[in-house]
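Q: I have a structure open and would like to go through it piece by piece. Can you take my questions as they come?

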Amino acid sequence: MANEPSTPRTSRAKGLAVFHAELWESFFMAMQALTAHKLRSALTLLGMMVGVFSIIVVMTAMRVLQSNIESGMSELGANTFTVEKWPAISFEGPKGWEKYRRRKNLTLQTVMQLREQATLARSVSAETWLQQGEAASRYKTTNPDISMTGVMPDTFAAKNWIVEEGRAFLSTDLDSARNVCVLGNSLKKKLFPFGGSPLGEAVKFQGINYTVIGYLEAKGSMFGDQDNFIAIPLTTGLNRFGSEWRSLAIYVQTSGAPAYDDTVEQVRGALRAIRKVPPGAEDDFEIFSNDTLIEQFRGLTLAVRVGVAIISSIALLAAGIGIMNIMLVSVTERTREIGIRRAVGAKKRNILTQFIMEAIVLCEVGGVIGVAFGILGGNAAAFFLKVAPVIPVDWIIFGLLICSVVGIIFGTYPAFKAANLDPIESLRYE
């Protein structure tokens, strides 16, 4: 039967099949070469493993911390933003802080004026830190690390505070400056350790008794204990601890996501008018939300991630040099084997592919081990913080990709040297 004529498509298909077969053959030969020298291979891939491990363990730990910190930063309710005298984060040094210090305080009068002018806002409320000290019930006295904060009724929704038992403040509590309080969850457990309802009980702080009207659901302890506080009506706190030197944090809830940007601009314009900021001058207050706080935090961690990547890259560079050295030794040891392969028909590209594949496999094996240990080590932070573990898929892909690049770069010269050995001289080599 006559042979069918060859077409460009069939030739290309045959070429691809041959190429794939050569790759698989090179891969298996590379694995055989690695297993034939177990100790040497283990010591060689150790450097690559350490380099990849250092990247993955740090990035995994940072991803765990970032996830936990961002969830802690997301303390505001939905569609809520904050207005404060001070920025959340500043790198301007003493001069910058002096500029912020000279700004006028945000007062209760400012809040009331803003309520009238911010017609798009669902609610406008405020909060301020008042004092720190010990709290006492008839059962127990705490350490002097309890924070007292003054809030308004709408602050509960703005800060996503959920009352577990009892009630939040009412407008009558604020108007009458009543001596009532709402406890954070952990403070409630400290003051009333034997269970039962604390409602109606008296809690003494700075020599004044406050009647407990409710306590909140637990929020966690990422930034210290977020539940170790006592809240009282804002007017009660300002009357008792003074308002002259205090600047309030103002919380603005919008009617929904579509009105968010318009509400921010309306509040900005109203505050500039209230505070008599000249046209063209910058705002003398700061507006930020959960998203802006998280964005600023990510900006801070970016430099750390870049720094870790650079340092780990140096470790990978050192590992790559070690791999090149071992591969050159391997070429010398296998000179006669290379000569035999060339004598029986192996082409230069077969030898080149085999040695490059061997370098890549060596790097990837070390990289996979480094990734595995890095994920386990990085998620130790998740175990201690009692949060969900994290697998940084993007950094895993990056780490393994770098391993392949290192294998190609540092395996090319030994492979080129092996492919260009003279077959006759190689057969004579002892």
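Q: Which residue does Asp173 form a salt bridge with?
A: Asp173 pairs with Arg178. This is a predicted model, and in it the closest N and O atoms of the two are 3.0 Å apart.

Q: Is Asp173 buried or exposed?
A: Asp173 has a relative accessible area of 0%, and the cut-off for buried is under 20%, so Asp173 is buried.

Q: And what about Arg178?
A: Arg178 is partly exposed, at 37% relative accessible area.

Q: How many salt bridges are there in the whole structure?
A: A search of the whole structure gives 10. One of them joins Arg103 and Glu286, with the closest N and O atoms 3.0 Å apart.

Q: Where do Arg103 and Glu286 sit in the chain?
A: Arg103 is in the loop between helix H3 (93–101) and helix H4 (108–117), while Glu286 is in strand S11 (residues 286–289). They are 183 residues apart, so the pair links distant parts of the chain.

Q: Is Arg103 buried or exposed?
A: Arg103 counts as buried, with 10% relative accessibility.

Q: What does Arg275 pair with?
A: The side chain of Arg275 meets that of Asp284 in a salt bridge, 2.9 Å from N to O. Both ends are on the buried side of the cut-off: Arg275 has a relative accessible area of 5%, and Asp284 is at 15%.

Q: Which residues are linked in a network of salt bridges?
A: Glu265, Arg268, Arg272 and Asp283 are linked in this way.

Q: Let's move to helices. At what angle do H4 and H9 pack?
A: H4 and helix H9 (residues 260–274) pack at about 130°, and their axes are 10 Å apart.

Q: What do you call that orientation?
A: The two helices, H4 and H9, are oblique to each other. Their crossing is right-handed.

Q: Which residues in H4 and H9 meet?
A: From H4, Thr110, Gln113, Leu114 and Gln117 take part. On the H9 side they meet Gln266, Val267, Ala270, Leu271 and Ile274.

Q: Why do residues three or four places apart in a helix point the same way?
A: An α-helix has 3.6 residues a turn, so residues with that spacing point the same way.

Q: How many residues of H8 are buried?
A: In helix H8 (residues 234–241), 6 of the 8 residues are buried, so H8 is largely enclosed by the rest of the structure. The buried ones are Leu234, Thr235, Thr236, Gly237, Leu238 and Phe241.

Q: What covers the buried residues of H8?
A: The cover includes H4, which came up above, and helix H6 (171–176). Strands are also part of the cover, including strand S2 (121–133), strand S4 (146–151), S8 and strand S9 (229–233).

Q: What follows H8?
A: Gly242 follows H8, and its phi is positive, near 90°.

Q: Which residue other than glycine has a positive phi?
A: Gln206 is one of them, with phi near 55°. Gln206 lies in the loop between strand S7 (202–205) and strand S8 (208–216), and is partly exposed at 45% relative accessible area.
A second case is Lys276, with a positive phi of about 55° although Lys276 is not a glycine.

Q: Where does Lys276 lie?
A: Lys276 is in the loop between H9 and S11. With a relative accessible area of 68%, Lys276 is exposed.

Q: S11 again. Is Ser289 in that strand buried or exposed?
A: Ser289 lies in strand S11 and is buried, at a relative accessible area of 8%.

Q: How far apart are Ser289 and Thr82?
A: In sequence Ser289 and Thr82 are 207 residues apart, but in space they are 6.0 Å apart, C-alpha to C-alpha.

Q: Now the whole chain. How many helices and strands are there?
A: The chain has 15 helices and 11 strands. It has 430 residues, and 45% of them count as buried.

Q: What about contacts in the chain between residues at least 6 apart in sequence?
A: Of those contacts, 79% join residues at least 24 apart.

Q: Last one: what does the accessible surface come to?
A: The accessible surface of the chain is about 22600 Å², and 61% of that belongs to carbon and sulfur atoms.

Terms used. Residues numbered from 1 in each chain as written. Predicted model: local features only at pLDDT ≥ 70, side-chain atom pairs only at ≥ 80, totals over all residues. Heavy atoms only, no water. Helix = DSSP H or I, 4+ residues; strand = E, 2+ residues; numbered from the N terminus. Buried < 20%, exposed > 50% of the residue type's maximum accessible area, 1.4 Å probe, protein only. Contact = heavy atoms within 4.5 Å. Areas by Shrake-Rupley, 256 points an atom, 1.4 Å probe, with all protein chains shown as cover. Salt bridge = Lys/Arg side-chain N within 4 Å of Asp/Glu carboxyl O. Axes fitted to C-alpha atoms, helices over the stretch in contact; angles between N-to-C directions. Parallel < 35°, antiparallel > 145°, perpendicular 65-115°, else oblique. Left-handed = near helix turned anticlockwise from the far one by under 90°.
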